[in-house]
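Have the 3D view open while you read.

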Amino acid sequence: MMISDGLGPASVSFARSYYQFINNKPYDYQLPLDTIHVGQSRTRSSSTLVTDSAAGATAFSCNLKTYNGAIGVDPSHLPCGTVLESAKHSRGMLTGLVATSRITHATPASFSAHVENRDDENSIAKQQIGDNPLGRSVDLMFGGGYCYFLPKSKKGSCRSDSRDLLKEAQSKYDWKTVLYNQSREEFDNLPINETVLPIIQLFTSDHMSYEIDRDPRIEPSLSEMSKKALDILYDAVENKETGFFLMIEGSRIDMAAHSNDAAAHVHEILEYQNTVELVKKYVDEHPDTVMISTSDHETGGLSLARQTSKKYPEYLWYPDVLTKVKSSTYNLAKMIKSQKTLTEDYIMSTIFKDHLGIIDGTNAEIIELMKTSTSTKYITQFLADMISIRAQLGWATHGHSGVDVNLYAYGQGSNHLFGSHENIQIGEFITKILDLNLTEISIKLNHENPSFHLTNLTDTDKLKYNEDLEHYHFVPSHLKHIPFFSK
């Protein structure tokens with residue numbers, strides 16, 4: 001399951017046109033996603049027409065619509081069994097999460113944790129290592145965000161308590177390999193076999209770097225992490241019938257779009273395309289596999305043209321402007337804020353010329369950036385707009401939009417995803433094709449919550465309830481609206 005966070009249809013066109021331009025490709029050249037486009041996913045949540053990543057990812061993981069901010073819980077705030085958890089506990093499959101965000105961020109969390117508010121990353125982290133009613137559900141985690149696993153006494157910790165979750169992972173929950181803040185060499189030298197499983201490897205304290213800023217000597221790319229994950233998981237199940245479930249997220253596509261940073265956005269998308277190509281090759285070599293790729297939502301309201309004057313609009317945009325950009329505007333904003341004495345020459349020479357490729361910066365732009373009271377966020381967005389104006393790219397928002405997003409699928413059973421689908425139907429497809437039992441997982445997650453049985457089960461369901469959860473196969477009433485279950 002691949003999730004391109006924040007990637008809307010316009011961004012797909014944007015990245016394709018940019019790639020064709022810089023590589024001198026013909027107009028009909030296709031990127032990997034173009035070759036497996038099967039339909040659209042409709043993204044609204046239960047609380048609004050414009051979803052966030054938490055509700056969007058929970059739709060995939062739990063097969064239900066829930067409210068914005070919900071991580072693996074239904075609209076009544078009750079934990080819902082996820083496809084990852086069922087793959088692990090109902091089917092005995094190995095499971096993995098790969099993300100360029102904090103691993104506790106909304107999308108990976110929605111497959112591996114249950115909290116009422118996505119900001120409760122302290123709880124998400126402890127659930128991910130195995131401190132939850134099911135025990136450990138994940139076998140492999142690659143990404144960023146080790147700060148939520150360190151006790152508050154340690155420098156750089158984001159936790160509000162003294163728990164050292166990385167130590168607990170090894171001592172209480174049998175994680176064999178726990179690595180963080182390590183050298184790139186340790187990742188490269190990881191054995192491609194099951195001896196490393198279960199494994200946590202977190203490369204950065206917060207989110208991993210944007211692809212445009214990434215130092216390959218320190219951090220692996222999304223495609224490199226994904227290949228390592230596929231190799232390790234495949235080796236571990238090669239001679240078994242169980243298989244594995246892997247969720248891969250191109251997390252920072254979304255974050256660049258939140259800043260309206262076109263250059264960072266396009267580099268994130270192209271690296272995601274590299275990862276899709278890698279996974280397509282894996283599916284070709286292992287035809288009993290299916291890959292799904294879609295987005296939880298669109299971010300930024302991107303348009304590939306921008307009216308920059310009061311004259312009749314020109315029908316064009318300029319990819320070449322982006323080829324000159326060497327850094328994310330977030331990194332440049334931090335550079336500006338770090339200057340003890342900020343000068344106009346630093347703005348013009350270092351920021352504009354060296355990093356943005358801008359040689360026509362205006363006095364008004366320089367004056368705006370010289371203001372010492374402005375926030376890093378404002379500077380990030382201001383610099384991004386400077387680029388977008390020159391490239392003639394438009395943005396409608398710094399948030400999400402409610403447009404349908406593209407749906408892609410490849411491999412066994414992918415023809416069942418042709419057409420326009422609600423996002424929950426993607427989760428239903430995974431549930432059906434893997435023969436999962438999410439109901440069983442939901443019951444186990446809520447077995448100490450009496451309101452679950454009183455609120456969510458009909459009288460008939462109560463009569464069928466069996467304390468031996470291994471023989472519990474009916475569907476609670478709150479799941480019966482889902483077409484897959486109602487059948």
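What follows covers the pockets, the cavities and the sheet, in that order.

This is a predicted model, so bear in mind that local features need pLDDT of at least 70 and side-chain atom pairs count only at pLDDT 80 or more, while totals for chains, interfaces and linings use all residues. Residues are numbered from 1 along each chain as its sequence is written, and side-chain values use heavy atoms, with hydrogens and water left out.

Rolling a probe the size of a water molecule over the atoms shows where empty space is left. On a 1 Å grid over the protein atoms alone, a cavity is a set of points where a 1.4 Å probe fits but cannot get out, a pocket is an open set with protein on both sides within 12 Å along at least five of seven lines, and lining residues have an atom within 4 Å of a point. Grid points are joined across faces, edges and corners, and a volume is the space filled by probe spheres set on the points.

**Largest pocket**
- The largest pocket has a volume of about 730 Å³.
- Its lining takes in 29 residues, and Met93, Phe244, Asp288, Thr289 and Val290 sit nearest the centre.
- At least two lining residues come from each of α8 (222–237), β7 (244–249), α10 (262–285), β8 (290–294) and α16 (423–433); helices (H or I, at least four residues) and strands (E, at least two) are DSSP runs, numbered from the N terminus.
- β7 provides the largest share, four residues.
- The lining of the largest pocket splits into 19 nonpolar, five polar and five charged residues, where Ala, Val, Leu, Ile, Met, Phe, Trp, Tyr, Cys and Pro count as nonpolar, Asp, Glu, Lys and Arg as charged, and the others, Gly among them, as polar.

**Second largest pocket**
- The second largest pocket holds about 450 Å³ of space.
- It has 21 lining residues, with His207, Tyr210, Arg252, Met255 and Tyr330 nearest its centre.
- Two or more of its lining residues come from each of α9 (252–258), α12 (329–337) and α15 (376–391), and α15 gives the most, with four.
- By class, the lining of the second largest pocket has four nonpolar, eleven polar and six charged residues.

**Cavities**
- There are two cavities of 30 Å³ or more.
- The largest cavity contains about 100 Å³ of space, and of its 14 lining residues, Thr100, Ser209, Glu211, Leu222 and Glu268 are the closest to its centre.
- α8 and α10 each supply at least two residues of the largest cavity's lining, and α10 gives the most, with three.
- That lining has five nonpolar, four polar and five charged residues.
- The second largest cavity, at about 30 Å³, is lined by Glu85, Ser112, Gln127, Gln128, Asn132, Ser137 and Val138.

**The sheet**
- Ten strands make an open, mixed sheet in the order β5-β6-β4-β3-β7-β1-β8-β13-β2-β14; two strands pair if DSSP finds at least two bridges between them.
- At the edges are β5 (177–180) and β14 (419–422), each pairing on one side only.
- β1 (residues 2–3) runs parallel to β7 over two bridges, and Met2 has Ile248 of β7 as its bridge partner.
- α8 packs on the sheet, touching β3 (94–102), β4 (140–144) and β7, and its direction makes about 170° with that of β3.
- Contact here means heavy atoms within 4.5 Å; axes are lines fitted to C-alpha atoms, for helices over the stretch in contact, and angles run from 0 to 180 degrees between N-to-C directions.
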